[in-house]
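These are my notebook entries on what I looked up in one structure.

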Amino acid sequence: MTGHSHPRRVYIYIPSSRVLLNFYSDQMAATNETVLTKIAEAFNELADDVNSCIAEAFNELADDVNSCSTPPRLSLSKFCSACRLLSPLIGCLGIAFRFADMEFSAKVDGLAKASESIDTIEALIDLDIAHNAGRDSGSNSRNLIRANRSVDLVRIIFEQILAQSGNGITDPVLTAYEQVFGPYHSLAMKTAVRALALTVPTKARLWRKLNENEASGSVQMQKFVIASSAVIQHINNLFHSTEYGDELLGMI
């Protein structure tokens with residue numbers, strides 16, 4: 001064959017963001033068959049640690065039911081492990097929560113690093129307060145507060161999903177956002193979140209992404225709501241009891 005040869009054209013298919021999101025969700029469902037069960041169990045174990053004094057009081061009848069011999073101590077590494085189970089679930093809520101998931105994961109990674117030298121959440125807060133480091137951007141205390149808020153966000157979303165009928169979850173998502181993060185965000189940020197919230201999946205699609213049916217999924221959601229409430233409140237109470245913990249809780 002004579003003449004100039006032409007380079008072969010190669011066509012590359014770049015999937016759309018929707019295709020990528022569906023692929024991500026399907027893969028997540030395939031590899032995390034009991035994601036809601038794992039999340040509920042992880043936070044239930046943390047709640048058991050928080051409520052250990054109640055169990056002790058019932059086991060030792062001589063003790064007062066409202067007291068315990070030692071205050072509860074919450075494992076920092078356990079908290080991080082439980083939070084990491086939430087990450088793929090937050091990703092299931094669609095593009096609107098992809099960046100929130102990335103930030104949440106970064107905070108949890110920071111806490112996991114801290115857990116290599118700090119055993120409990122109580123010790124982490126005490127150290128930051130003692131060294132007057134809690135207010136610093138990226139401090140362990142502020143990472144903990146942000147991670148705890150994200151747990152609270154999921155708790156309220158689940159609570160609202162369980163309380164409402166219908167197939168939509170936009171209202172539960174917006175209710176949770178307004179309660180947890182809305183007070184710290186600008187009007188422009190709130191407007192953007194409200195617009196993105198319209199893209200969250202339906203309840204039926206969320207069940208499919210989590211490889212759950214409504215009956216089994218609702219049971220695990222309820223378990224998570226109860227268990228996480230105890231953990232969230234315990235962590236907030238720890239900050240309330242410190243010198244400037246209320247100030248930290250009021251920071252973004």
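**Entry 1: Leu-76.** I began with Leu-76, which is buried at a relative accessible area of 0%; buried means under 20% relative accessible area, exposed over 50%, and partly exposed in between, with a 1.4 Å probe and protein chains only. Leu-76 belongs to helix H4, residues 76-91; helices (H or I, at least four residues) and strands (E, at least two) are DSSP runs, numbered from the N terminus. I then asked which residues Leu-76 touches, not counting residues up to four places away in sequence. The list is Leu-111, Ala-114, Ser-115, Ile-118, Asp-119, Thr-120, Ile-121 and Leu-124, where a contact means heavy atoms within 4.5 Å. I also noted a C-alpha separation of 9.3 Å between Leu-76 and Glu-116, which are 40 residues apart along the chain.

**Entry 2: Provenance.** This is a predicted model, in which local features need pLDDT of at least 70 and side-chain atom pairs count only at pLDDT 80 or more, while totals for chains, interfaces and linings use all residues. Residues are numbered from 1 along each chain as its sequence is written, and side-chain values use heavy atoms, with hydrogens and water left out.

**Entry 3: Overall make-up.** I looked up the secondary structure and found 12 helices and zero strands. Of the 252 residues of the protein, 45% count as buried. Among contacts with a separation of 6 or more, 75% join residues 24 or more positions apart.

**Entry 4: Leu-86.** I returned to helix H4 for Leu-86. Leu-86 counts as buried, at 0% relative accessibility. What is Leu-86 in contact with, leaving aside its neighbours within four places in sequence? I recorded Ile-39, Phe-43, Phe-104, Val-151, Val-154 and Phe-224. For Leu-86 and Ile-39, 47 residues apart along the chain, the C-alpha atoms are separated by 6.6 Å.

**Entry 5: Cysteines.** How many disulfides does a search of the whole structure find? The search finds zero, a disulfide being a pair of cysteine sulfur atoms within 2.5 Å. Cys-83 is buried at a relative accessible area of 1%, and Cys-92 is buried at 0%.

**Entry 6: Helix H8 and Gln-160.** I listed the buried residues of helix H8 (residues 170-180): Thr-170, Pro-172, Val-173, Leu-174, Ala-176, Tyr-177 and Val-180. Their cover includes helix H7 (140-163) and helix H9 (187-197). In H7 I looked up Gln-160. Gln-160 counts as buried, with 18% relative accessibility. Not counting residues up to four places away in sequence, Gln-160 touches Pro-172 and Thr-175.

**Entry 7: Largest pocket.** The largest pocket has a volume of about 470 Å³. Of the 20 residues that line this pocket, the closest to its centre are Ala-96, Ala-100, Glu-103, His-185 and Val-193. On a 1 Å grid over the protein atoms alone, a pocket is an open set of points where a 1.4 Å probe fits, with protein on both sides within 12 Å along at least five of seven lines; lining residues have an atom within 4 Å of a point. Grid points are joined across faces, edges and corners, and the volume is the space filled by probe spheres set on the points. Helix H5 (98-114), H7, H8 and H9 each supply at least two residues of the lining. By class, I noted 15 nonpolar, two polar and three charged lining residues. Ala, Val, Leu, Ile, Met, Phe, Trp, Tyr, Cys and Pro count as nonpolar, Asp, Glu, Lys and Arg as charged, and the others, Gly among them, as polar.

**Entry 8: Positive phi.** Most residues other than glycine have a negative phi. Asn-132, although not a glycine, has a positive phi of about 55 degrees. Asn-132 lies in the loop between helix H6 (121-130) and H7, and is partly exposed at 48% relative accessible area. Asn-211 likewise has a positive phi of about 55 degrees without being a glycine. The loop that holds Asn-211 runs between helix H10 (203-209) and helix H11 (214-240). Asn-211 counts as partly exposed, at 44% relative accessibility.
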